[in-house]
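Have the sequence and the 3D view at hand before reading on.

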Amino acid sequence: MSKSDPKPARPRPGPWPPLPEEAPMPPSSWAKKTGFRPKFSGETNACDSGQISLPPPRPPRGSEPDLEAGRVRSQPAATNGVTVPAAVAKAAPSGDKEQTVVKRRKESDGGPKNAGNGPNGQAVAVAVEPNSQPRRPARSEEVVDVLPNNGDDDGFMSRPSHIKYELRDTPGLVPIGLYGFQHYLSILGSIILIPLVIVPAMGGTYEDTANVVSTVLFVSGVTTLLQTSFGSRLPLIQGPSFVYLAPALAIINSPEFQGLNGNNFKHIMKELQGAVIIGSAFQALLGYTGLMSLFLRLINPVVVSPTIAAVGLSFYSYGFPLFGTCLEIGAVQILSVIIFSLYLRKISVFGHRVFLIYAVPLGLAITWATAFLLTEAGVYNYKGCDINVPASNIISDHCRKHVSRMKHCRVDTSHALNASPWFRFPYPLQWGTPVFHWKMAIVMCVVSIISSVDSVGSYHASSLLVASRPPTPGVVSRGIGLEGLSSVLAGLWGTGTGSTSLTENVHTIAVTKMGSRRAVELGACALIVLSLVVNTLHAGKVGGFLASIPQVMVAALLCFMWAMLAALGLSNLRYSEAGSSRNIIIVGLSLFFSLSIPAYFQQYGIAPNSNLSVPSYFQPYIVASHGPVRSKYGGMNYVLNTLFSLHMVIAFLVAVILDNTVPGSRQERGVYVWSEREVAKREPAVAKDYELPFRIGRVFRWVKWVGL
């Protein structure tokens with residue numbers, strides 16, 4: 001054979017048998033001891049916004065510890081690699097291994113309850129195919145993330161099965177009444193604290209504060225009944241939201257109100273009423289015209305999360321600066337709330353976590369009693385000093401030194417209770433005819449959009465807890481439209497802010513495990529009665545008692561409430577890929593710019609040693625008089641300087657632009673999945689959850705964009 005002859009071809013090896021599935025690495029010793037699991041709330045590992053894959057299924061265990069209750073909790077059985085509840089696994093015959101179907105709805109509803117409800121409302125198959133083998137997902141396939149069927153530390157559940165009473169449950173008048181009272185009492189701080197901030201800022205007296213508190217209680221009860229009957233129909237309490245607090249303070253501290261003489265309260269309140277009415281009418285138009293259904297495509301957890309978190313973080317300049325004016329009272333208030341809500345949260349009385357549910361009311365009562373005893377003991381009485389003398393007229397250096405403690409630490413019940421009448425009926429236009437200015441109205445129109453974003457997150461989170469499926473976009477639009485009408489009522493009655501679904505509702509439902517619509521409606525009726533008369537105790541006295549709460553106690557409570565609001569906002573990220581670098585960067589930029597850009601507007605043009613006429617904790621809200629936008633149009637300067645000084649507006653703008661322009665999969669973004677209208681109409685349970693009562697939906701069946 002010559003050297004030029006080609007070499008014979010070598011045979012190729014193969015075919016090779018398929019590789020076995022890789023077994024998961026055994027946990028290390030510390031992981032075995034602590035029970036560490038690398039996945040929380042169903043989130044998957046994400047790196048560099050690339051393809052995200054689920055880990056191999058964990059072998060089932062007979063039981064696992066309940067970290068919250070301290071007892072062993074049974075683990076659902078598994079059939080062919082698919083988790084099946086224990087009750088269903090026992091009911092299935094041992095010989096029938098071909099197919100197992102999980103039923104999750106009452107038979108009267110006519111379908112499987114929550115069949116296919118994933119972490120964000122996605123459809124998830126529950127039928128088990130025979131001889132199915134787990135396989136690794138291909139790179140081209142989209143991996144669906146499913147939340148585990150367990151709860152987190154404070155009761156946030158991904159499945160409605162953990163809720164004691166669901167949306168349409170009516171266990172009886174007594175349980176409904178007790179749970180409704182509990183629901184409102186746990187959220188009382190969010191309802192009454194805003195009037196205690198804005199009325200003194202407007203120059204109102206104890207009587208004005210008591211009247212506004214009584215009005216807020218009345219309007220909150222009425223608007224809650226409207227929302228649960230003709231709006232979204234979810235068990236969400238309506239009330240003055242912290243979303244409206246910052247713009248209200250900006251309007252209160254407008255330059256034209258600084259030199260007012262006489263009754264500043266009524267004049268500024270009429271200006272607030274006009275702005276709230278126009279902004280609320282815009283919100284109602286946004287909802288009832290169906291524009292909200294289109295706007296929903298831009299609103300996702302990555303947008304909602306930093307927006308709501310910025311609402312809570314924006315008041316850092318108000319919290320501790322006022323808290324520090326009376327440290328002994330403020331420390332008792334904040335420490336009592338922290339101890340009740342964290343250290344004593346696991347203690348149950350008759351099956352209820354009373355300290356976790358009533359942390360704010362209990363802390364408020366203990367601190368008020370402490371301040372009252374110190375005031376009656378004369379601790380805050382100083383010789384030759386009178387609390388009723390204005391600080392500008394005090395000559396003695398001794399009195400000037402202690403005037404701050406006399407003002408912020410004392411509990412003057414005599415002024416508040418003597419100033420309030422025994423009977424008072426809140427009525428529309430009680431402060432006078434509203435005054436309308438276009439520049440303030442534009443600010444409130446933008447704020448109403450932020451309020452709608454807040455409500456969208458509350459609708460979705462609460463529906464996953466208490467309803468069979470998330471609402472349709474039409475139901476969301478209907479709820480937003482009714483919130484606009486509710487805010488119009490709040491503007492006519494003069495609460496100082498708009499009315500919206502309180503974000504704290506979701507936390508309250510998860511902790512109390514009460515999602516019954518009837519309980520919230522009965523509690524709303526009780527709130528209306530409380531605002532008028534309860535036996536011989538009238539709301540005037542209740543409002544007068546609340547008006548006697550010192551400002552330092554209000555600031556200490558708000559430190560806790562705003563911190564919880566920021567955490568609730570960030571908790572919306574559990575519906576998305578929280579570990580994705582895309583989402584981390586978007587949320588980080590949104591939060592940073594929401595603090596940095598308003599700081600630039602608020603500090604622009606202020607000399608370091610300037611003597612301003614407002615307290616230091618109100619200085620961020622006088623930006624309209626010295627902001628960087630200084631064109632020849634004064635109204636435009638006011639609008640731009642005010643809007644860009646609001647933290648939530650900046651957070652929303654940055655988040656909505658980045659989230660809708662930066663590429664990302666639906667799973668990574670956590671896109672809200674709403675129920676489709678045709679599917680919802682075919683499922684009796686969904687129709688019963690969201691259809692209007694008294695067959696009103698049949699009359700407005702042609703309005704498809706605000707219904708099922």
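## The disulfide

A disulfide here is a pair of cysteine sulfur atoms within 2.5 Å. The model is predicted. By that rule, the count comes to one disulfide. Cys326 and Cys409 form it, with their sulfur atoms 1.9 Å apart. The pair links distant parts of the chain, 83 residues apart. Cys326 lies in the loop between helix H10 (316-323) and helix H11 (327-343). Cys409 belongs to helix H14 (residues 397-409). The link of Cys326 and Cys409 is right-handed, with 130° about the S-S bond.

Are these two cysteines buried or exposed? Buried means under 20% relative accessible area. Cys326 has 1%, so it counts as buried. Cys409 has 0% relative accessibility, so Cys409 is buried too.

## The nonpolar core

How many residues has the largest nonpolar core? It has 122 residues. Those with the most contacts inside it are Ile191, Phe242, Leu245 and Tyr318. Helix H21 (residues 551-570) gives the largest share of this core, 13 residues.

Take Tyr318 for a closer look. Leaving out residues up to four places away in sequence, Tyr318 touches Val197, Gln551, Ala555, Leu558, Trp562, Tyr617 and Phe618.

## A buried serine

Ser458 sits in helix H16 (residues 438-466). Is Ser458 buried or exposed? Its relative accessibility is 2%, so Ser458 counts as buried. Which residues is Ser458 in contact with, apart from neighbours within four places in sequence? They are Leu236, Leu502, Thr503 and Val506.

Leu335, Ile339, Leu342 and Tyr343 make a nonpolar surface patch of about 450 Å². Leu342, one of these residues, has its place in helix H11. Leu342 has a relative accessible area of 46%, so it counts as partly exposed. A residue needs over 30% to be part of such a patch.

Methods:
Residues are numbered from 1 along each chain as its sequence is written. This is a predicted model: local features need pLDDT of at least 70, side-chain atom pairs count only at pLDDT 80 or more; totals for chains, interfaces and linings use all residues. Side-chain values use heavy atoms; hydrogens and water are left out. Helices (H or I, at least four residues) and strands (E, at least two) are DSSP runs, numbered from the N terminus. Buried means under 20% relative accessible area, exposed over 50%, partly exposed in between (1.4 Å probe, protein chains only). Contact means heavy atoms within 4.5 Å. A nonpolar core is a set of buried Ala, Val, Leu, Ile, Met, Phe, Trp, Tyr and Cys residues joined through side-chain atoms within 4.5 Å. Patches are made of residues with over 30% relative accessible area and no salt bridge: like charges are joined within 9 Å, nonpolar side chains (Val, Leu, Ile, Met, Phe, Trp, Tyr) within 5 Å. Accessible areas come from the Shrake-Rupley method with a 1.4 Å probe; for residues, only the protein chains shown count as cover. A salt bridge is a side-chain nitrogen of Lys or Arg within 4 Å of a carboxyl oxygen of Asp or Glu.
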